[in-house]
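Dear colleague,

I am passing on a structure that will be new to you, and below it you will find my notes on what came out of the analysis. Please keep the two side by side as you read.

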Amino acid sequence: MNKNIAVIRGDGIGPEIVGQALRVLDRIAEKFGHTFTYEDVDMGGCAIDKWGEPLPRHMLDKCLASDSVLLGAVGGPKWDNVEPARRPEKGLLSLRGSMGLYSNNRPARLWPQLAEASPLKPSVVEKGIDFIVVRELIGGVYFGDHTTSEKNGEKEAVDIMAYTEHEIERIGRIGFETARKRRRKLTSVDKANVLDTSRLWRAVMHRLAEEYPDVEYSDMLVDNAAMQIVKDPSQFDVIVTENLFGDILSDEASMITGSIGMIPSSSLGAGSRGLYEPIHGSAPDIAGQNKANPIGTILSAAMMCRYSFDMAAEADAIEAAVEKALDAGLRTGDMMAEGCRLVSCSEMGDAILSYI
Ligand code: IPM
Ligand code: MG
């Protein structure tokens, strides 16, 4: 197969981790007889520096013309004081919105090799952590109006959170369908005791639940969900939730698995074209030092193969190679443990390549 991949290296550690993921994709192409071509896209702080805005139209067009997009990370302290409409994060939000990527899927799985790195007690970790957060990605407070105005001699800031029934239904369906492919358990997270958007969310989910009698469905309030994720994560299979709650809970979920550096994600819309990115940020403190963990990005490339390109064997090969590198005791600094060997970002890439 021929696939055209838009590549956003971005800021901070982005270029280093994406570089390793591209080496892995090249190896896969060679081994399985595919051709991957890469189209470089400037987005984030680097695009602000070069073009004056975080996602220039001609860059967005490259993403829209691609078969899928691979992203490292964007942002950093250098652009902290840029006006809100031109911040690096704004580029990412416009990309998600313009590509119509309403479904963000973030797996939280404990790698047995990294069990010690989890901050949870062994008695909790032993029960296993293997769930996925399905986050609505282009609605809610992220995409409502944001305004700051003068009111009675002081400033007032307002962020609008809105959801329509069809926006809830389409992500709800992804939640149920994802559960069907796993252990058939779906937890819908909301704040229906306070928010109207959550009450509508819950009503739509209950309607859908009737269509999926084979999926064990339950509702959970978001504050309780935050607690349950650290108390007994083994109870979860699939969590479906709105944009902001999903942002927060997916960071919490990643932390308990040991290292946020390991977690990939996919963002999908109506078609097969997706955006694939590790869920960690640009880590400016270690940028350019060849220290970052490239695995989250490498596993994102594996997800791209699986979900956008229908290349299951290729995805399996990447995931198995990561597993072997961990089995061999190789660790980047973020997940280093006693008895293991500390390796650089590129050495981790070398090792994973050697196992494909
Ligand atoms: C994420 C990030 C983004 C988000 C930021 C960078 C805008 O935290 O992908 O989770 O809040 O969605
Ligand atoms: Mg986040």
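How many nonpolar, polar and charged residues does the lining of the largest pocket have? Bearing in mind that this is a predicted model, the lining has 14 nonpolar, five polar and seven charged residues. The pocket has a volume of about 780 Å³, and among the 26 residues that line it, P107, I132, M303, R306 and Y307 lie nearest its centre. The elements that each give two or more residues to this lining are β4 (103-109), β5 (130-136), α6 (165-180), β11 (266-268) and α10 (295-308), with β4 giving the most, namely five residues. Because domain 1 (1-110 + 260-356) and domain 2 (119-256) both give residues to the lining, the largest pocket lies between them.

One of these lining elements, α6, has 16 residues and reaches 22 Å from its first C-alpha to its last, close to the 22 Å expected at 1.5 Å a residue. Its buried residues are E167, I168, I171, G172, G175, F176, T178 and A179, and seen down the helix axis they fall within an arc of 160 degrees, so they line one face of α6.

With best wishes

Note on methods. Residues numbered from 1 in each chain as written. Chains lettered and ligands numbered in written order. Predicted model: local features only at pLDDT ≥ 70, side-chain atom pairs only at ≥ 80, totals over all residues. Heavy atoms only, no water. 1 Å grid on protein atoms, 1.4 Å probe; cavity = no way out; pocket = protein on both sides within 12 Å on 5 of 7 lines; lining within 4 Å. Points joined across faces, edges and corners; volume = space filled by probe spheres on them. Helix = DSSP H or I, 4+ residues; strand = E, 2+ residues; numbered from the N terminus. Nonpolar A, V, L, I, M, F, W, Y, C, P; charged D, E, K, R; others polar. Domains from an automatic or database assignment. Expected span 1.5 Å × (residues − 1). Buried < 20%, exposed > 50% of the residue type's maximum accessible area, 1.4 Å probe, protein only. Arc of directions from axis to C-beta.
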